[in-house]
Amino acid sequence: MGTSVFTTSGNTEIVMESSEEEPERSSVTTSKIKILTAMRPLGHLIVAIFLKILALTIMLPALVDVTIESLCPKHNRCSEAIYISGVQQSVSGFGTIISTPLVGQLSDEYGRKPLLLVSFALSIIPFAVLACGRTKGMVYTYYVLRTLVAIATEGAIICVSMAYVADVMEENLRANAFGILTGILAIAFVIGTVLARVLSVSYIFQVGCILLVAAVLYVQLFLKEPHTTHLESSKHIKKINTIDRCSLPSSSTLTDRWSSVKETLHIVRMSKNLTNICIITFFFTLGASGVASVILYYFKATYNFNKNEFAYLMLIFGVGTILVQLVFLPLLSHLFGEQKILCVALFSGVAMQLLLSVSSSPWIPYLCAFLGALSILIFPCASSIVSKSSGPHQQGKVQGFVSGIGSCASTLSPLAMSPLTALFLSEDAPFDFPGFSMICAALAMMVAFIQSCFMNPPLPAMARFKVSGYVEIKEKEDADISICSTDYFVS
């Protein structure tokens, strides 16, 4: 406590006690203003992804009804719809295992904007098919095109966007930046669910395609490359490698790509935090991705939900995500750090799956939607830890590698979850437990939760990384020192 003395016009002294909490509140307010100011370079990226998320969210609730009505008319339970959704996710996940790390490398070498532009443009194609018609043949065509496009773009947009954030944000602000970015995009999610509720199915896909086209035009016209440091560094290292005796020789582009993959693998293997994040990403995605591929069909079969109920669930999830990302994360990350928040988020994901597995009342899914919003904190926390544990010129590679691990899990999970869910929703189930597949997902997430409890907080002050036979030393004041060495140090 402190005291302040004021003298009035009548020479009367008034002694007021000031609390030490006021400087703390002022500090928190100043920190928020600093974060928001630092977010300005992300403005155009936020708008572009906002439009994309808005478009996808508008179309998602109607997609389940359109698929079931086309493949299984006048039925709420449709095994064919569950299988085709699972196959689509598995095949696209397998493709993104290869494509995502490659896209991350390409974004390091050629820039973030070109990769984002191509990814946004390709995402229009499958939804344009449903905008033209929703017959059985059109639905099958949509899933084929959606699979091919997802291979090229699904992981690319995520990893390149995260690399873009890491390019323009200071290291100590990245966790908040990832959280605020996700929170703002959750606003698009909420607006999209409201529009999905009020729009007719006849117009939903047309409106979604228009928004996707607007996103492509916005990226082309307004989004700028954050800076050329990573591009110049990539060219500089390649130039040195051709004349230096300790460089890694390459005879073709394919050899360069393979060398880059081995380099990224070495960075991840030598960093305990990156290794832990890869394990966490794999097992969490193994559970979450499988559930995501069947959950709406599960609600349709169990509770007879339709487009409107799906929109309400997504609305609760979106509002919860906004509160969690924009209100709680900036405060919690300042107090506890990314590692502890990651543990809480993973625990909420486990709790959500356990509740879904035993749910018998229609209100349980709405409660789980809020728990799902808490589990969203996993992505900004993990991305922040990855960005702090990798060098300034390897953000795209490492983010792409971690995304590729998630894609691997996305490939495997639906192969088990789709037939498992379809079996326990059918009359041929070995025992009466419709939510058995949710228990399996919870067990996978539990492994990720246990792994997160043994992680150490990231060390932002000093990190050393091997770069093509070099050791790149990244410090707070000098982040671009490279020396030729055979010893590799990674914090």
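1. Helix axes here are lines fitted to C-alpha atoms, for helices over the stretch in contact, and angles run from 0 to 180 degrees between N-to-C directions. Helices (H or I, at least four residues) and strands (E, at least two) are DSSP runs, numbered from the N terminus. On that basis, α11 (residues 272-303) packs against α15 (residues 378-388) at about 155°, and their axes lie 10 Å apart.

2. This is a predicted model, in which local features need pLDDT of at least 70, side-chain atom pairs count only at pLDDT 80 or more, and totals for chains, interfaces and linings use all residues. Residues are numbered from 1 along each chain as its sequence is written, and side-chain values use heavy atoms, with hydrogens and water left out.

3. Overall make-up. The protein has 17 helices and 5 strands. Of its 491 residues, 52% are buried. Buried means under 20% relative accessible area, exposed means over 50%, and partly exposed is in between (1.4 Å probe, protein chains only). Contact means heavy atoms within 4.5 Å. Among contacts with a separation of 6 or more, 79% join residues 24 or more positions apart.

4. Back to α11 and α15. How are these two helices oriented to each other? They are roughly antiparallel. The classes are under 35 degrees for roughly parallel, over 145 for roughly antiparallel, 65 to 115 for roughly perpendicular, and oblique for the rest. The crossing is left-handed. A crossing is left-handed if the near helix is turned anticlockwise from the far one by less than a right angle, and right-handed if clockwise. From α11, N273, L274, I277 and F284 meet I378, F379, A382, I385 and V386 of α15. By class, this contact has 8 nonpolar, 1 polar and no charged residues. Ala, Val, Leu, Ile, Met, Phe, Trp, Tyr, Cys and Pro count as nonpolar; Asp, Glu, Lys and Arg as charged; the others, Gly among them, as polar.

5. α12 (307-335) and α14 (residues 364-375) cross at roughly 35°, and their axes come within 8 Å. This crossing is right-handed. On the α12 side the contact includes E309, Y312, L313 and I316; on the α14 side it includes P365, Y366, A369 and F370. The class count is 11 nonpolar, 3 polar and 1 charged.

6. Cores. A nonpolar core is a set of buried Ala, Val, Leu, Ile, Met, Phe, Trp, Tyr and Cys residues joined through side-chain atoms within 4.5 Å. The largest has 79 residues, and L45, F120, V165, I295 and F299 touch the most other members. Helix α2 (residues 43-71) gives the largest share, 15 residues. A second, separate core has 28 residues, including I277, L346, V350 and V402.

7. F299 and N304. Leaving aside neighbours within four places in sequence, F299 contacts N304, F305, F310, L313, L356 and P365. N304 sits in the loop between α11 and α12. Its phi is near 60°, a positive value in a residue other than glycine. N304 is partly exposed, at 45% relative accessibility.

8. S123. Is this residue buried or exposed? S123 counts as buried because its relative accessibility is 2%. The residue lies in the loop between α4 (112-122) and α5 (124-132). Not counting residues up to four places away in sequence, S123 touches K52, V149 and L212.

9. I405. This residue belongs to helix α16 (residues 395-425). I405 is partly exposed, with a relative accessible area of 22%. Beyond four places in sequence, I405 touches C278 and F282. I405 and G93 are 312 residues apart along the chain, yet their C-alpha atoms are separated by 9.8 Å.
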